[in-house]
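Subject: Structure for you to look at

Hi,

Here is the structure I promised to send. Please open it alongside this note.

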Amino acid sequence: AGTKMGALTNQPFRYSFLSVKDNIRVFLRYNQLEFNGYHQLLNQYLNLDEILDKRFQTLSQGQKQRVLIFLSVINDPEIILLDEPFQGLDPFYSEKLIVLLNILKNQGRTIMINDHIISHTIRLADKIAFLINHRITLTIPYNRIDEGVFYLIPDMANLPENGSSSFGDHLSTSPPKDKKNLRRIENLTELYTLAIDHEKHTSI
């Protein structure tokens, strides 16, 4: 059997005219599953009991998001892909989702999150990847940022012939002997801003 994957996309599939309960039944049947302890764990943090009999199309944005997260991982996946999972969630359920995802991660699952809410994602991340102009420009363990990262500002007069210079090649966890054009990065937001600026000025 192949590795099971669950995904929350920006256009998730669901039956808007059905109740939450019937959506869950359909997805369970499709995956040839019975409601079990794993699903009880999901429900403990997503709390769908109060909206089970409501049609999906009548739910608030936050309620819809909780249902969509449940359906996206209903198949007990080993790999979980989540696009903007905190969208529409209030602070209470954002916190509940962080706890749930940490539990799933600690069970040995691989979780990949695409999100712009950095304050949430850094509480879950082992690694950070920057996607800029449709390509990954940097992948870095999150603890490296905490330990301190240094950025060597590129010499625009000595760029490679193709006119581009890898952002990762300009990063170091310890300051080089030549501290000219060196900048210490204090946090993830600053690192991301630098990555965007680097790509803008060193790519043809």
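This is a predicted model: local features need pLDDT of at least 70, side-chain atom pairs count only at pLDDT 80 or more; totals for chains, interfaces and linings use all residues.

Three strands make up an open sheet, ordered β1-β2-β3, with parallel pairing. At the edges sit β1 (5-8) and β3 (110-114), each of which pairs on one side only. From one strand to the next, the twist averages 10°. The parallel pairing of β2 with β3 spans 5 bridges. To find your place there, look for D83, which stands opposite N114 in β3.

The helices. Two of them are worth a look against the strands. Helix α3 (residues 61-72) lies across β1 and β2. Its direction is at about 160° to β1. Helix α4 lies across β2 and β3, and here the angle to β3 is about 145°.

The loop residue. Q87 belongs to the loop that links β2 (79-83) to α4 (91-106).

What does Q87 touch? Leaving aside residues up to four places away in sequence, Q87 is in contact with Q61 and Q65. Both numbers fall in the stretch 61-72 of helix α3. S174 is another matter: Q87 and S174 are 87 residues apart in sequence, and their C-alpha atoms are 37 Å apart in space.

Best wishes

How values were computed: Residues are numbered from 1 along each chain as its sequence is written. Side-chain values use heavy atoms; hydrogens and water are left out. Helices (H or I, at least four residues) and strands (E, at least two) are DSSP runs, numbered from the N terminus. Contact means heavy atoms within 4.5 Å. Two strands pair if DSSP finds at least two bridges between them. Axes are lines fitted to C-alpha atoms, for helices over the stretch in contact, and angles run from 0 to 180 degrees between N-to-C directions.
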